[in-house]
Amino acid sequence: MKKIVAIVEARLNSRRLPNKVLKKIKKKELISIVLERLKLSKKIHQIVVATTKNKKDMKLVNFLKRKKIKFFRGSEKNLFERIFNTANKFKADIIVRVTADNPFTDPDIIDYMLRNFRKYRKIYFLTNNFHGDEKKRNLAYGLDISIFSFKSLKLLSSQKKTKALMEYPTLNFLTNYSKKNLIVKNLRLPKKMIIDRKYRLTVDTKEDLYFIRKIFKYVKSTNIKMNRLRKILNTNFSFFRENSNIKQFQPKIKNF
């Protein structure tokens, strides 16, 4: 059986909202909510947090130790290397890449994508966000998931990397897939799993955090299902404007 590992990227030295992964939502740290939701997956075998060797992340490391959460510390600037070394240490065959600032990371979406990833055996990289193509994207920011094999990660590890390729690991698949004969695919999600792209469900700014906290006031548990989340957003349409003006950073993709 191939080992499926969810690798959660987390650090405290965020540009727009420092310490965001330890910010509280319903008396829980943001990263705790993400980890709790990942544990609901029926297909993930292990969950590991990939953080950095930066001294500023000691607070996060101490938190993970207290919670007995597996973690790996690596390069802050070279995220590709950090992901690779994390996957290597924990002997991952298949990697589910998650970021710790997405409190609605959905276990049902992950399991649906993992079923498809394993079904199409020749695929090396699977995503649900149309590879970052804004014209095609139909999904809210914060629900993005990437799945790839360690085998493909290893193939790409020897490639020369620009700053963008070090900071954004999945760009390596989108820019170098043809050189290494890798097959990349976007998976269209069922309508019941989709929240419209007009919403920002990620935490990158104070406005995002305020918006997410507002949503969670409508539920008792942080284990909110997509149909319940959709209903909250649709019936309280006016407050989505809280963070609607925030622009998502889009790294430039070449050769794709």
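## Terms and model

Buried means under 20% relative accessible area, exposed means over 50%, and partly exposed lies in between, with a 1.4 Å probe and protein chains only. Helices (H or I, at least four residues) and strands (E, at least two) are DSSP runs, numbered from the N terminus.

The model is predicted: local features need pLDDT of at least 70, side-chain atom pairs count only at pLDDT 80 or more, and totals for chains, interfaces and linings use all residues. Residues are numbered from 1 along each chain as its sequence is written, and side-chain values use heavy atoms, with hydrogens and water left out.

## Strand β6 and its neighbours

Two strands pair if DSSP finds at least two bridges between them. Strand β1 (residues 4-9) runs parallel to β6, joined to it by 6 bridges. Within that pairing, isoleucine 7 has arginine 97 of β6 as its bridge partner.

Strand β8 (residues 146-149) also pairs with β6. Here the sense is antiparallel, over 4 bridges. Isoleucine 95 has phenylalanine 148 of β8 as its bridge partner.

## Helix α2

Helix α2 covers residues 58-66. Its buried residues include Leu60, Val61, Phe63 and Leu64.

What covers the buried residues? Contact means heavy atoms within 4.5 Å. The cover includes β3 (28-29), α1 (30-38), β4 (46-52) and β5 (71-74). After α2 comes lysine 68, with a positive phi near 55°.

## Salt bridges

A salt bridge is a side-chain nitrogen of Lys or Arg within 4 Å of a carboxyl oxygen of Asp or Glu. By this rule there are 10 salt bridges. One of them joins glutamate 9 and arginine 97, at 2.3 Å from N to O. This pair links distant parts of the chain: glutamate 9 sits in strand β1 and arginine 97 in strand β6, 88 residues apart. Both residues, glutamate 9 and arginine 97, are buried.

Aspartate 204 forms a salt bridge with arginine 16, and their closest N and O atoms are 2.6 Å apart. Aspartate 204 lies in the loop between β9 (183-186) and α8 (206-216), and arginine 16 in the loop between β1 and β2 (24-25), so the pair ties together parts 188 residues apart in sequence. Aspartate 204 counts as buried, at 19% relative accessibility. Arginine 16 is partly exposed, at 41%. Salt bridges that share partners join Arg16, Lys20, Asp101 and Asp204 into one network. Arginine 137 and aspartate 144 also meet in a salt bridge, at 2.8 Å from N to O. Arginine 137 is buried, with a relative accessible area of 5%.

## The second largest pocket

On a 1 Å grid over the protein atoms alone, a pocket is an open set of points with protein on both sides within 12 Å along at least five of seven lines; lining residues have an atom within 4 Å of a point. The second largest pocket holds about 310 Å³ of space. Its lining has 13 residues, and the closest to the centre are Lys2, Ile94, Phe117, Arg121 and Ser149. Elements giving two or more residues to this lining are α4 (107-119), β7 (123-127) and α5 (150-157).

Notes:
On a 1 Å grid over the protein atoms alone, a cavity is a set of points where a 1.4 Å probe fits but cannot get out, and a pocket is an open set with protein on both sides within 12 Å along at least five of seven lines; lining residues have an atom within 4 Å of a point. Grid points are joined across faces, edges and corners, and a volume is the space filled by probe spheres set on the points.
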